[in-house]
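Please walk through this structure with the text below. It starts from a single loop and then moves to the sheet, the helices and the domains.

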Amino acid sequence: ERTEPNYFGAGPALLPTSVLQQAAKDMINFQGLGLGAGEISHRSAAGGNIIESTKKHLAELLDVPDTHEVFFMQGGGTTGFSAVPTNLSASFAKKTGKKGKPAYVITGSWSKKAAEEAQRLGFDPEIVVDSKKVDGKFGGIPAVEKWSIPADLSNTSYVYFCDNETVNGVEFPDFPFDKFPGVEIVADMSSNFLSKKIDVSKYGCILAGAQKNVGLAGITIYIIKKSLLEYPSDEELTKLNIPLTPIAFEFPIVVKNNSAYNTVPTFTVHIVDLVLQLLAEKGGLANQQKVNEEKAKLLYAALDKYPSVFNLPVEKSVRSKMNVVFTLAKGTDSDFLNAAEEKKLQGLKGHRSVGGMRASLYNAVSLDSVKLLCEFVEDFGSKNA
Ligand code: PMP
């Protein structure tokens, strides 16, 4: 039992109380087995069912087409930063016989980290755009006319972007897929996965750490185009100077073994399944998207009312619906946070790298919680304007 929290943490984040209550029962005795969901073997029938059920519910909710495959891996988003270049370059090499070069779109600190890892691993990525270099800060997405897209894309192994920059509060309204014909598109959706409807068929690969919108830390969800699961031999990859992927993170191996090449955290996957089932019961992604849009609209409107108190650094057209970032006058952060704490509004402190405030409005954050936050924002705004 708990009182519904008003928690705006960026990740790990709030989970629906009903999911946690069911999970608590299933942790002790799963489906009458007399064992918990975290105790059964990932190779047992019940363990396999957890994976199958979660994949099925995810595919239904997101309308994943037959051309794509869902799988799970440990290692978080950060492991994805390393696993994407090695895996996607192997797929590209199978098709073209070349190593190629990936292209990165940098719109915040997570895509920057991903590009740096591709560089560190020797893939020499092309930086299509770095919004900090264009605007002097992360807070916008430069018009696509300002991007340096290679004229000849035949050597581009994949294009990578982060759909929602969790730290900087920048979200793509639409990615310009049409500017990269024939190139596989990879998206990090760690902080807005299942917050809205998407057309999966447009992506070569989607990755999302579970610990924001869909579950606990410990599992990362991947959706991959099946045609990308063909690789050259290890010898051929080495000859092409493509580093091999550590075996537990090699996509075709993980897929072939139904996400259980090594021990998959079944209990953590099960929680994702419970979240998916609840989303479906509540009207699916169309409904969730509507609620998320409403929450973001209300909070931005409350903050915009007091421009002398709240500074919103992100351009309006690319404001994130998931992570609302704002700063206050120097020295007043703790006043705001302490007053919020008194109203039982928690988790509002911004990321340590940028400071200020951040209210994360993930799926589990209710409209009621957001209304309480808006009331508080307006009260603080009117007292300090
Ligand atoms: N990508 C995004 C968009 C994120 O928000 C985060 C974590 N906040 C990561 C990647 C890194 O995830 P992890 O901590 O699971 O490695």
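Where does Ser259 lie? Ser259 is found in the loop between helix 7 and helix 8 (266-281). Helices (H or I, at least four residues) and strands (E, at least two) are DSSP runs, numbered from the N terminus. The model is a predicted one, in which local features need pLDDT of at least 70 and side-chain atom pairs count only at pLDDT 80 or more, while totals for chains, interfaces and linings use all residues. Residues are numbered from 1 along each chain as its sequence is written.

Ser259 has a positive phi, near 65°, although Ser259 is a residue other than glycine. Most residues other than glycine have a negative phi, and most peptide bonds are trans. Ser259 counts as buried because 25 C-beta neighbours lie inside 10 Å. A residue is buried if 20 or more other C-beta atoms lie within 10 Å of its own, exposed if 12 or fewer, and partly exposed in between, with C-beta atoms placed from the backbone.

Asn241 also has a positive phi, of about 65°, and is not a glycine. Its place is the loop between helix 6 (234-239) and helix 7 (251-256). Asn241 has 10 C-beta neighbours inside 10 Å and therefore counts as exposed. A further backbone feature is the cis peptide bond between Gly11 and Pro12, with omega about -5°. Pro12 sits in the loop between strand 1 and helix 1.

Another loop, between helix 1 (17-28) and helix 2 (45-62), holds Leu33. Leu33 counts as partly exposed, because it has 13 C-beta neighbours inside 10 Å. Leaving aside residues up to four places away in sequence, Leu33 touches Ile40 and Ala46; contact here means that the C-beta atoms of two residues, placed from the backbone, lie within 7 Å.

An open sheet is formed by 7 strands in the order 2-10-9-8-5-3-4, and its pairing is mixed. Two strands pair if DSSP finds at least two bridges between them. Strand 2 (68-73) and strand 4 (126-130) each have a single partner strand and stand at the edges, so one side of each has no neighbour in the sheet. From one strand to the next, the twist averages 15°.

Strand 9 (residues 205-209) pairs with strand 10 (residues 220-225) in the antiparallel sense over 5 bridges. Leu207 has Tyr222 in strand 10 as its bridge partner. Helix 4 (residues 109-120) packs on the sheet and touches strand 3 (101-106), strand 4, strand 5 (156-162) and strand 8 (185-188). The direction of helix 4 makes about 160° with that of strand 3; axes are lines fitted to C-alpha atoms, for helices over the stretch in contact, and angles run from 0 to 180 degrees between N-to-C directions.

Strand 5 is mostly covered, with 7 of its 7 residues buried. Strand 3 and strand 5 run parallel and are joined by 3 bridges, and Ala103 stands opposite Val159 in strand 5. Strand 5 also pairs with strand 8, in the parallel sense over 4 bridges. There, Cys162 stands opposite Asp188 in strand 8.

The chain is divided into domain 1 (21-279) and domain 2 (284-384), with bounds that come from an automatic or database domain assignment. Their C-alpha centres lie 28 Å apart. In all, 22 residues of domain 1 are in contact with 24 residues of domain 2.

Helix 9 covers residues 284-304. Its buried residues are Asn292, Lys295, Ala296, Leu299, Ala302 and Leu303. They fall within an arc of 130° seen down the axis of helix 9, so they line one face; the arc is that of the directions from the helix axis to the C-beta atoms. The face turned away from this buried side carries the exposed residues Ala286, Asn287, Lys290, Lys297 and Ala301. Among what covers the buried residues of helix 9 are strand 11 (323-326), strand 13 (357-360) and helix 11 (367-384).

Strand 11 and strand 13 pair in the antiparallel sense over 4 bridges. Strand 11 is covered on both faces, with Asn323 and Val325 buried on one side and Val324 and Phe326 on the other.

Note on methods. Expected span 1.5 Å × (residues − 1).
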